[in-house]
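Here is a short walk through one model.

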Amino acid sequence: MRILILLLSLFFLSCDKDNKTEQHTNSAYRITKSIIYNNVNVDIIIDKPVNNEVDVLITYHGTVQSDSNILPAAENTLNQFKNILYRQDMMIVSVAHPQLNILFGDNINQAEAALLWVKHSANQELGITVKKIFLAGHSQGGYLVTRLNTMHETNGVIANAPGPLNLVFRCQLEENGQTPASYVCDNIRNVYGTTAANSNAYYQRSLLNFTNGFKSDILFVQGLDDMAIQMYSWPTFKQDVLNCTNCMDRQFVEITGAGHGAIFESQTAKTEFNNFINNH
């Protein structure tokens, strides 16, 4: 009799555990999760809707001045894109990619790890079914998603004010005292020397060096009242992208009267952002 009671208790405990798991996966939540893919670790913030079969928008934040600001920047970027997204049934994954203790552009490793985790591990670890995957980035995040589009195929990519476009130009201004110093240029200079001594090292990390081989359709949004340092190289970048002969479709939305955050400020940009997702 005692054995029977014990077996029944184990059975109901198992059922209760299964029900709790199902209840968790069938609910909406926002969590911060540390993930590892190909031995690369990165923190992500997951905003999941109620449904378990989801299209996913992976977002990437812009430059921050301290690594302690990475998670708040990722949270803010998630909220910004969620606020302009018309759909309520998409899961958003915001990537807290590092900044300070690496050379600019080397955080592509963490950016890639997050994308590949969503592609290949999220289903099992979260108990969901990932359908379509989109990438969206603002500023340095736009730089990262543009580079990722030369590496991996997704359902579509959106880049708002991507940059830095031209690190040779930007860091030369800093060297000449024409603009305040930044850790981005300082770190490169400490390793490779000045732009005059080794301009190629700066160019290789510039977005102007990644204008070919886009594996998925991409939408670029740029406010035409952005900072002069961005607009100096924007026409060259745009033309290089349009000249690409081995790229998927490229679309440009340029907004007069909007600045660096055009995709969050302009109704035209918001509409184009949502149309792009809905049409892919």
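A crossing is left-handed if the near helix is turned anticlockwise from the far one by less than a right angle, and right-handed if clockwise. H3 passes H5 in a right-handed crossing. This is a predicted model: local features need pLDDT of at least 70, side-chain atom pairs count only at pLDDT 80 or more, and totals for chains, interfaces and linings use all residues. Residues are numbered from 1 along each chain as its sequence is written, and side-chain values use heavy atoms, without hydrogens or water.

Helices are DSSP runs of H or I with at least four residues, strands are E runs of at least two, and both are numbered from the N terminus. H3 spans residues 108-120 and H5 spans residues 140-148. Their axes (lines fitted to C-alpha atoms over the stretch in contact, with angles from 0 to 180 degrees between N-to-C directions) come within 10 Å and cross at roughly 65 degrees. That makes H3 roughly perpendicular to H5 (65 to 115 degrees). Ile108, Ala111 and Glu112 of H3 meet Leu144, Arg147 and Leu148 of H5; contact means heavy atoms within 4.5 Å. The residues of this contact comprise 4 nonpolar, no polar and 2 charged. Nonpolar covers Ala, Val, Leu, Ile, Met, Phe, Trp, Tyr, Cys and Pro, charged covers Asp, Glu, Lys and Arg, and the others, Gly among them, are polar.

Now the loops. Ser233 sits between helix H9 (228-231) and helix H10 (234-242). Ser233 counts as buried because its relative accessibility is 3% (buried is under 20% relative accessible area, exposed over 50%, with a 1.4 Å probe and protein chains only). Gln65, in the loop between strand S3 (53-60) and helix H2 (70-84), is exposed at 59%.

Methods: Angles under 35 degrees count as roughly parallel, over 145 as roughly antiparallel, 65 to 115 as roughly perpendicular and the rest as oblique.
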